[in-house]
Every structure is written in structure tokens, then in C-alpha cells.
Amino acid sequence: MCGIWALFGSDDCLSVQCTNAMKIAHRGPDAFRFENVNGYTNCCFGFHRLAIVDELHGMQPLRVKRFPFLWLCYNGEIYNHHQLKEEFGFEFQTLVDGEVLLHLYDRFGIAKMASLLDGVFAFVLLDSANRKVILARDTYGVRPLFKFLADDGFLAVCSEAKGLTEVSHTMSTPVNITPFPPGHFEVFDLKQNGKVQPIQMDRFHCCTKEPAHAIYDTVGALANGFEEETVKRNIRILFENAVRKRLMANRRIGCLLSGGLDSSLVAATLVKLSKERKLPYPIQTFSIGTENSPDILAARKVAAHIGSEHHEVFFSVEEGLKSVEEVIFHLETYDITTIRASVGMYLVSKYIRQKTDSVVIFSGEGSDELTQGYIYFHKSPSPKEGAEESIRLLDELYLFDVLRADRTTAAHGLELRVPFLDHRLTAYYLSLPDEMKVPKDGVEKHLLRDAFKGLDLIPDQILWRRKEAFSDGMMSVKKSWYTHLQEHLEVLVNDEELANAQTTFPHNSPRTKEAYYFRQVFDKFFPDRGQWLSHYWMPRWTDATDPSARTLSIYTPDKD
């Protein structure tokens, strides 16, 4: 996890502008560099580094002697950089995984380069020889990227929007700050005055297509056909490979463990592979909640089963409430369920940073979207509509769960890894017949659960544990975290304010005092930026007025 920041064509002093880059210093606590571009006095890069691979040569912008005209500032990990290096005979100058981007770009150009990258990334590439600036972001937006482009051609780019809100410009009207679309690259012409002109925006990969880099994967061709045992075996192969490739790190690896299906599968597979690889330390797992909450109890059972070094982080309602403003600042959103779930993840990440030496953190994000894990999928009108909803959720991950997972961990200088969003795994799962992926026998994610049945990887009770939202499972079924939040915020927003919400906030007008408070705090930090959230996350095919699964009529809790 690093922080990137770049300006092209600034009309104001760069030494003043660069103070904006310090707003994302939390993303890279190990080192910082600010560098001007040769020949362009109004263009520069800023980089905050979290050292994970090649601690000696990993500072950026990355430049190598072979390509003195290329400048690369990127945040991410390229898991197949060794395979690509061998396949194409590249001669690396460093051990940095990102160096492969320079070689691929020089040989193949941006379109093929982006399609061959197996990993998560957001980058800015400057080609000074051809006077091009290029931006790109991974398929699911696991790594964040924001930009603003003024009418006069001034381009500013940053890992988080907060690094752009106070960048000065000469335009008389505000410049929109927008998230860069996942799975896309954009090319700009760089003019002699440092300004840019957009010339090409293309999508290089979407989740339903087999990625071009699959032919260079360490796992070769899979068995064909949709016979059930074949499918389940392929799922296991791809999932284990997704975890294995993400072991690439020179820093200690840990795993978030809620005791739900997804994080338990990740943690168990991680522990298994770490032993095979003979890592010099045990895998640390981390759960958070109130004492004897469903997640704490379930995670304890999984940790004992897999033999991890387990940490339980207890937090009080008061601690959670106190952190809400900080969480909204880091998230840059006012989405209700995102904020609720982020409090626990923010606090457990804080614990990891302060109390342990784990830096690379695995998590189970993406599984619910991929495998139709949300409880409301039981209400899907048809298998086809369920499959379409799954794709929609994956396409919007960068606005919700992936945003939460990135910001809450990056706030404390940790690097997140999400095996369920592996390109090959997701493409394969989405290619299966719609009927195979639907909830079955009253259980969501039935196919995924069935694929790991009988292996003793995790306890059977956990393998078949019903879906529980992270923000719900942290506290008792009798009184959810969102209920505590709503009771506390009831007195902070008065009835008149809520009655006038449509006038105060015409876009995504809040309908509850909780939503109003979240929007109010967001507006304090990011005034007039409500458009950053296009819509609230909400269950479909129900008459839900609250995003919590516990409010749905079809919710049936496990015993507390």
C-alpha cells in the first residue's frame, strides 16, 4: 500500500502545491519523495512508500537506465512479474515488481501491457520521449486512484481524493474530482507547457472475461465441463493459487478473521501455504468485536482449528462512536453500510499497526459479490438476474467494500490483499451456469461451501455458518452495532434538520438521522463533494429501508 500523487501543468508554485501530497502520508509511512520532471517545471510526482518488495530500490518515481524517458509512479503488486520477465526475456535492473510495467510498455504499448498484469494497481506513467501521460487502474479498483482535469489541461492525480481538494488552479469554477474507472487506461498528450490533452480511454479487462495473462499463470489450463465435481475442484485450485501468489512480500503477513466463511477460508489456506513455504513466523489472525459477540466466538473456533497466532480486539460502543468522524474522513464517503462496517475494520487495523509487526493483511472482500453471498440473493427472481446482480456488485466494489477495505487499512499504513478478487478465479466463477451459483437448500454461497466440504480446512460449523454482515457480527444479535449508532445519533440530529434534508442535501438526501449525521460529517471534511457517491448501497428485491441484513424479513441468525 503506497500513496501516489502527480501534477501536470500546474500554474502555481509546486513547492506550495506539494503540501497536498502530505494528506495521504498515512498510505506510505516508510519514506517520501517529491520529484520534478526534467524539462517541465510545472510537472511533478509525489510518492509515499510502504516498503513490501525490494526495500533498497523501491522508491518512486521508478526509473531505470534502459528507459531514461519513462517515469513510473504506482501503487500495487504485480503477482506475475517473475513469469512475465522469464517469458519475454526482460533484464531487470531492480527487484521491484513494478519494473515489469516499464518493460511491457516499451515492448508492447499500454493496451497489451495493462492486459498482461496479474495484480492490483493504480499508476501514472510518463513517457517523455513520446510526450504521453498514462493512467490505469486494476479490474476491481482494489487500489484507488482519483483525478481532476481542468478545462485548461491541468491534470492532477492522487491515490485519495483528499490529496486533490485543495490543489490550486486558475479555473473560475470548481474542478470535478472523480475516481478513475477500474479496468481502464487513459492516455494524454503532454504539451510543451506541461498541460495535457486526453486522447484515449479504453477498458482493458472486465470481470466476465478470462484475463489475457492467464496463459502465463503458474496454474495451467483447467479441466473442461460443468460437471459438479470438476467445477468444485477448479474452484479449489484457483482459490489456493490466488492465495499463494499473494504471499509475495518481505514484510510479515497476517489475516483478518471474522469467523465468517470467506475470511476463514482465506486464513486457513494462508496458514496451510505459509507452512509449505516455511515462512519464518506463524500467521497472525485478527478478529474484532465485543466480548462473546458472534464474530469473536466464531473466529476463536477457526483460529484454534487452523493453528494461527490469534489476536482478539475488543472495543466498546463508546470507542466505536468516537472513531466515526475519523473513519468518514479516511473513507471519503457517506454511504451508510460502508461507514458502519468500516469502524470495526479501522479499529482492528489500528491495533495491528500499534501492537504487532504484521503489515501485509489478507482479507475476504469480494466473495459476497462474486458468489452471491448476500442474504437478499435468496429473493432473486431468477438465476439469470442473480448472475447479473453479481456482476453489478463487482463493478461497483470500488465505491463500497473495496473502498472500505483499502481506506481503513491504509489509514494505518497496512497493505491489503484480497484473493477472492483474483482475475482468474472471478472470471471462472462468473462463467459457470447461472443455476449453479444461486443459493441452495436455504444457504447462500452453497457452491463455494460445497467445494470445500469434507476437507477439514475449516470447522463444518463455520463452513455452513450463515452470512452475517461484518458490522452486525461484531456485536450481539440482540443489539446490533447499527442500533447503538442510531440511538446515539438520535440526539445529534434534530427533527427539523431531518425534515429539511432534501433542501440541505438534494443529492442522495438522507432519510434517517444516522444518514443525516454521516452526510453532515462528510460535508464538514469535503464540502460540496456529495456527488462522489452516486447512490447508497441497499439490498435488492426487498422493501428494505436499511442496508443491514438483520432488518430483512428473511434474516435467520445463528445462535448468539
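Reply: **Strand pairing and surroundings**

Strand β6 (residues 132–137) and strand β10 (residues 184–190) run antiparallel and are joined by five bridges. Within this pair, Ile134 has Val187 of β10 as its bridge partner. Strands pair here if DSSP finds at least two bridges between them; helices (H or I, at least four residues) and strands (E, at least two) are DSSP runs, numbered from the N terminus.

The model is predicted, so local features need pLDDT of at least 70 and side-chain atom pairs count only at pLDDT 80 or more, while totals for chains, interfaces and linings use all residues. Residues are numbered from 1 along each chain as its sequence is written, and side-chain values use heavy atoms, with hydrogens and water left out.

The pair belongs to an open sheet of five strands in the order β4-β5-β6-β10-β11, with antiparallel pairing. Its edges are β4 (70–78) and β11 (196–203), each of which pairs on one side only. From one strand to the next, the twist averages 10°; axes are lines fitted to C-alpha atoms, for helices over the stretch in contact, and angles run from 0 to 180 degrees between N-to-C directions. Helix α3 (residues 99–108) packs on this sheet and touches β4, β5 (119–127) and β6, where contact means heavy atoms within 4.5 Å. The direction of α3 makes about 120° with that of β4.

Phe88 lies in α2 and Phe108 in α3, so the pair ties together parts that are 20 residues apart in sequence. Phe88 is buried at a relative accessible area of 15%, whereas Phe108 is partly exposed at 27%; buried means under 20% relative accessible area, exposed over 50%, and partly exposed in between (1.4 Å probe, protein chains only).

Another edge-to-face pair is made by Tyr334 and Tyr536, so classed because their ring centres are 5.9 Å apart and their planes stand at 80°. Tyr334 sits in the loop between α8 and α9 and Tyr536 in the segment after α21 (513–525), so this pair ties together parts that are 202 residues apart in sequence. Both Tyr334 and Tyr536 are buried. They belong to one aromatic cluster together with Phe329, Phe522, Phe525, Phe526 and Trp532.

Helix α2 spans residues 81–88 and includes Lys85. Lys85 is partly exposed, with a relative accessible area of 27%. Leaving aside residues up to four places away in sequence, Lys85 touches Phe90 and Phe92.

Next come the nonpolar cores, each a set of buried Ala, Val, Leu, Ile, Met, Phe, Trp, Tyr and Cys residues joined through side-chain atoms within 4.5 Å. The largest has 149 residues, and Phe8 and Phe518 have the most contacts inside it. Not counting residues up to four places away in sequence, Phe518 touches Val324, Ile328, Tyr334, Ile336, Ile339, Leu485 and Leu489. A core of 31 residues lies apart from it, and includes Tyr74, Phe92, Val96 and Tyr105.

There is also an open sheet of five strands with parallel pairing, in the order β14-β13-β12-β15-β16. Here β14 and β16 are the edge strands, each pairing on one side only. The twist of this sheet averages 30° from one strand to the next. Helix α6 (residues 261–277) packs on it, touching β12 (252–256), β13 and β15, and its direction makes about 155° with that of β12. Helix α7 packs on the sheet as well, in contact with β13 and β14, and its direction makes about 170° with that of β14.

Six bridges pair β13 (residues 284–289) with β14 (residues 309–314) in the parallel sense. The chain passes from β13 through α7 (residues 294–306) to β14 in a right-handed β-α-β crossover: with the strands pointing away from the viewer, the path from the first strand over the helix to the second runs clockwise.

Helix α12 (residues 401–410) is mostly covered, with 10 of its 10 residues buried. The elements covering them include β7 (146–149), α8 (317–331), α9 (336–355), α10 (367–370) and β16 (415–417).

Definitions and conventions
Phe/Tyr/Trp six-rings, centres within 6.5 Å; stacked < 30°, edge-to-face > 60°.
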